[in-house]
Amino acid sequence: MQIDPFSDLPPDASRTTKMQQGDVLFRQDQETSGLYRVISGCVTLRRTTLDGDTLTLHRAVQGGYFAEASIFSDRYHCDAVCTAAGSILKIAKDDVIANMRSSPAFSEGVTRLLAIQVQHYRAHIEILAIRSAQERVMAAVQAGYLKSTVPEFASRINLTHEACYRALRALCDAGRMVQVGRGRYAMA
């Protein structure tokens with residue numbers, strides 16, 4: 001069940017924007033103005049490490065929220081890049097804060113949404129803690145992470161794309177997975 005506490009906000013508290021692949025919604029250290037929900041398409045939250053590598057922090061797809069921390073933060077902590085064309089709903093930060101202060105039911109709904117997301121993030125951390133690249137790839141595939149390109153999938157599970165391809169090949173060779181197309185894999 002998808003929780004949407006923001007549906008009770010006034011219509012002028014949000015606006016829908018079309019996006020194209022490669023569009024940047026916000027950059028790290030930019031002043032925050034709201035949070036977002038993906039109506040269609042895909043948005044990836046990325047941060048560049050000190051080594052210059054790109055780390056995928058989150059991949060938001062249809063119905064998914066992102067930049068929730070912006071409600072209580074002055075600056076965005078990463079870049080938000082559209083990785084598949086579609087549209088997003090931007091929800092104004094000031095309206096969210098005002099409604100949280102005036103409506104206990106709204107505040108509870110937002111808190112419930114965030115609690116569910118924390119559970120998902122903890123499950124993601126468990127996957128990242130798996131030391132074996134093959135077992136991490138297997139767990140991530142079972143969790144439904146391989147929905148886009150292998151390099152994006154690899155970034156999401158903190159592996160180089162080369163290590164990820166090797167692990168996928170080894171899993172296929174072991175009969176645990178099958179390649180069903182270019183860059184597409186399924187459980188055996």
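Student: How much space lies in the second largest pocket?
Tutor: This is a predicted model, where local features need pLDDT of at least 70 and side-chain atom pairs count only at pLDDT 80 or more, while totals for chains, interfaces and linings use all residues. Residues are numbered from 1 along each chain as its sequence is written, and side-chain values use heavy atoms, leaving out hydrogens and water. A pocket here is an open set of points on a 1 Å grid over the protein atoms alone, where a 1.4 Å probe fits, with protein on both sides within 12 Å along at least five of seven lines. Counted as the space filled by probe spheres set on points joined across faces, edges and corners, the second largest pocket holds about 340 Å³.

Student: Which element gives the most to the lining of the second largest pocket?
Tutor: The lining has 20 residues (those with an atom within 4 Å of a point), and closest to the pocket's centre are L45, A67, E68, A69 and C78. β3 (34-48), β4 (54-61) and α2 each supply at least two lining residues. With four residues, the top contributor is α2.

Student: How many of the lining residues of that second largest pocket are charged?
Tutor: Ala, Val, Leu, Ile, Met, Phe, Trp, Tyr, Cys and Pro count as nonpolar, Asp, Glu, Lys and Arg as charged, and the others, Gly among them, as polar. The lining has 11 nonpolar and six polar residues, and its charged residues number three.

Student: In what order do the elements of the protein run from the N terminus?
Tutor: Helices (DSSP H or I, at least four residues) and strands (E, at least two) are numbered from the N terminus. The protein has five helices and eight strands. Their order is β-β-β-β-β-β-α-α-α-α-α-β-β.

Student: What is the handedness of the crossing of α1 and α2?
Tutor: The axes of α1 (residues 93-102) and α2 (residues 104-128) come within 5 Å and cross at roughly 120°. That makes α1 oblique to α2. The crossing of the two is left-handed.

Student: How are α3 and α5 oriented to each other?
Tutor: A133, Q134, V137 and M138 of α3 meet C164, A167, L168, A170 and L171 of α5, with contact meaning heavy atoms within 4.5 Å. The contact residues are eight nonpolar, one polar and no charged. The axes come within 9 Å and cross at roughly 80°. Angles of 65 to 115 degrees have their own class, and α3 and α5 are therefore roughly perpendicular.

How values were computed
Axes fitted to C-alpha atoms, helices over the stretch in contact; angles between N-to-C directions. Parallel < 35°, antiparallel > 145°, perpendicular 65-115°, else oblique. Left-handed = near helix turned anticlockwise from the far one by under 90°.
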